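Have the model open and follow along.

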Amino acid sequence: MNTEKTYHRFKTDLSRYDNSWYKHPPFWKNVLWFLVNALFFNSYFPLPTSIKCFVLRSFGTKVGRNVMIKPKVNIKYPWLLTIGDYVWIGEEVWIDSLTDIVIGNNACLSQGAMLLTGNHDYTRSTFDLKVGKIVIEEGAWIGAKAVVCPGVTCHSHSVLAVNSVAVRDLEAYGVYQGNPAQWVRERKITE
C-alpha cells in the first residue's frame, strides 16, 4: 500500500475538536478584560502609558518601570504577561498570551509585531490546540510585522527583522530574517 495515499484518507474533523484541558479564565473576567482591552489598549484613544500600566497591573500583569505602550495594542490575557523595565510596545502589536509571555528589560516590539503562544496540530484530525511560552529577553528587538511563534525564546539582544517569522529560538546578539527566520549576522552595539 502506498503510504502517501494512506495519509490522504484522513481529514480534519473539527466536530471532534476539544480543548477542555485548557484552563480558560472565568467568564466574567474574560468579558471585563475584553471591554477594558477595547477601551484602553486596542484603541487609538490617546491614553497616557501610566494609566495603561496601572490597568495592566490591576489585571495581574507584572509591569516594570518606564514602559511605553502605543495605541491599538491587543492583549489576550494580561494575567499571563510579564513586562520588564523600559520596554517599548508599538502600535498594533498583538500579544496572544494563551500562556506565559515574558518581555525582558529594554526589549522592543515594533508596529504590528505578533507574539503567538497558541497554534494547532495540523497533523491531527482533531486539530488540537498547542501552546508554548514566549520569552523576549533583555534588549531583544522584534521588528515591524514580525511574528514570534509558540515556545520561542528570543535571547538577549537578538533581532527579528521586519516581516520575519521566528519558529525557533534566536541566539543572543543574532540578527534573524526571513520565513522561517535564519541567522544573517551578528548584532554589534556601539556606545
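## The second largest pocket

This is a predicted model, and we'll start with its second largest pocket, which holds about 150 Å³ of space. Asn 119, His 120, Asp 121, Tyr 122 and Lys 130 line this second largest pocket. Sorted by class, that lining comes out as 1 nonpolar, 2 polar and 2 charged residues.

## The largest pocket

Now for the largest pocket, with about 180 Å³ of space. Its lining is made up of Asn 30, Trp 33, Phe 34, Asn 37, Ala 38, Asn 42, Asn 74, Ile 75, Lys 76, Tyr 77 and Trp 94. Two elements, α2 (27-41) and β3 (74-75), each give two or more residues to that lining. The largest share is from α2, with 5 residues.

As for class, the lining of the largest pocket has 6 nonpolar, 4 polar and 1 charged residues.

Most residues other than glycine have a negative phi, and most peptide bonds are trans. A few spots here are worth a look against that background.

Glu 92 isn't a glycine, yet its phi is positive, at about 60°. You'll find Glu 92 in the loop between β5 (88-89) and β6 (94-96), and it's partly exposed, with a relative accessible area of 39%. Asn 163, also not a glycine, has a positive phi of about 65°. Asn 163 sits in the loop between β16 (159-160) and β17 (165-166) and counts as exposed, at 54% relative accessibility.

Then there's the peptide bond from Asn 179 to Pro 180: it's cis, with omega near 0°. Pro 180 belongs to the loop between β18 (174-177) and β19 (182-186).

Notes
Residues numbered from 1 in each chain as written. Predicted model: local features only at pLDDT ≥ 70, side-chain atom pairs only at ≥ 80, totals over all residues. Heavy atoms only, no water. Helix = DSSP H or I, 4+ residues; strand = E, 2+ residues; numbered from the N terminus. Buried < 20%, exposed > 50% of the residue type's maximum accessible area, 1.4 Å probe, protein only. 1 Å grid on protein atoms, 1.4 Å probe; cavity = no way out; pocket = protein on both sides within 12 Å on 5 of 7 lines; lining within 4 Å. Points joined across faces, edges and corners; volume = space filled by probe spheres on them. Nonpolar A, V, L, I, M, F, W, Y, C, P; charged D, E, K, R; others polar.
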